[in-house]
Amino acid sequence: MSASAAAPDLTLYYPFEDKHFADHCFLCGTPTAPAETVLVFDQWLLERYNWAAQQIQLLDQSVQTYQNLRIPCCPGCRTRYVAPLEAQVATAAAAGPASLRALDEKTLFLWLGKMFYGILVLELLNELNPLIKPQYPLSENGQMLRRLQAFFQTFQALRVPIVFEDFVPASIFLLETDPRQDPIPFEYDDDLTTMTFSIKLDQTVLIASFIDNGMLRQAMRRVYEAAQRPLHPVQVAEFKARVYYGAHLLNVVPDYFPRPGQPGDEHLVYDTLIDDITREIFNPWENAAYGQSLQEMWKRWQIPYTEIMRNPAQPLSYLYDAQGDPLTLESFPA
Ligand SMILES: [Zn+2]
């Protein structure tokens, strides 16, 4: 027997070349038996929020229950990478918002990324089914594929020990709601085209904008700082509208470069490059389009677009008052 631990496997996996999404482990590409899967939304989430039988509609309009959202995963990746990650977040979620906040950013990125990618794999598998003809196939959208590949390059840090040198791959936001004004324990939404994902666990709302190298969080740093207080759900929705619309404006896809390795390396190092010479990082902000994003996020409160855009230069806000100071909402409607 050898005394030294086995060197980690630093082999990267590129699933988009062969489109091996069915019957191959989502993390390493090993062929899998039909029963070798993991839940996109883990069992602890489904139990904690009584969510197993809730329904989700996919892009092809088919309806699934959350307990049936499963993706292929080999037993090794399940026990070594997926299960420990879920256990870590489950423990933190049970302990409350402060514990979730204490998780390191890479853990949150990988955990949110696993659900985002899981949904995406199911959408892609649907598209590869010859009986289904989606209206807007993701796999035929070149820009989309490039983003997905970039995302997967960073997301496979769940399996391969990868150090991101001087950058974070995504913008991760963590907000807290005021429990007295917040009746909804669990919520989830995503936008596959802008690579955004959000999930609500009791009072904690996590929002991710993937493959933006943290640029959106940098651009929104003052709004984010001002939102570090117990928020009314209508304020959280406004913040999400800003993130989702901001991600929509992102005009660049970062390139990632694994450094050449040496025998015996314990991890891979990634460098990144963004082409900000020939193009702007963000397209210009347009209030009319942002107002539509607000209307969508505020659906639950049925705020009409005309009301949102009463002042076209300054769409309706519940995060800030007319003077631009952070607003405290004791109740809503105020
Ligand atoms: Zn695997």
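1. Two strands are said to pair if DSSP finds at least two bridges between them. In this predicted model, strand β8 (residues 196–201) and strand β9 (residues 204–209) pair in the antiparallel sense, over 6 bridges. Within this pair, Lys 200 stands opposite Val 205 in β9.

2. Strands β8 and β9 belong to an open sheet of 4 strands, whose order is β6-β9-β8-β7 and whose pairing is antiparallel. The edges are held by β6 (171–176) and β7 (186–191); each has a single partner strand, so one side of each is left without a neighbour in the sheet. On average, neighbouring strands of this sheet are turned by 10° against each other, direction ignored.

3. Two helices pack on the sheet. Helix α5 (residues 105–128) touches β6, β7, β8 and β9, and its direction makes about 110° with that of β8. Helix α9 (residues 233–249) also packs on the sheet and touches β6, β7, β8 and β9, its direction making about 10° with that of β9.

4. Helix α9 also meets helix α10 (residues 287–297): their axes come within 9 Å and cross at roughly 135°. The angle makes α9 oblique to α10, because angles of 65 to 115 degrees count as roughly perpendicular and those over 145 as roughly antiparallel. The crossing of α9 past α10 is right-handed.

5. On the α9 side, the contact with α10 is made by Ala 237, Glu 238, Lys 240, Ala 241, Tyr 244 and Tyr 245. Helix α10 contributes Ala 289, Tyr 290, Ser 293, Leu 294 and Met 297. By class, the residues of this contact divide into 8 nonpolar, 1 polar and 2 charged.

6. Helix α5, for its part, meets helix α3 (residues 75–95). The axes of α3 and α5 come within 10 Å and cross at roughly 110°. That angle makes α3 roughly perpendicular to α5, because the range for this term is 65 to 115 degrees. Helix α3 passes α5 in a left-handed crossing.

7. The contact of α3 with α5 involves Val 82, Leu 85, Gln 88 and Val 89 of α3, together with Thr 107, Leu 110, Trp 111 and Lys 114 of α5. These residues divide into 5 nonpolar, 2 polar and 1 charged.

8. In summary, the sheet has α5 packed on it and α9 packed on it. Helix α5 is crossed by α3 at roughly 110°, and α9 is crossed by α10 at roughly 135°.

How values were computed. Residues numbered from 1 in each chain as written. Predicted model: local features only at pLDDT ≥ 70, side-chain atom pairs only at ≥ 80, totals over all residues. Axes fitted to C-alpha atoms, helices over the stretch in contact; angles between N-to-C directions. Contact = placed C-beta atoms within 7 Å. Parallel < 35°, antiparallel > 145°, perpendicular 65-115°, else oblique. Left-handed = near helix turned anticlockwise from the far one by under 90°. Nonpolar A, V, L, I, M, F, W, Y, C, P; charged D, E, K, R; others polar.
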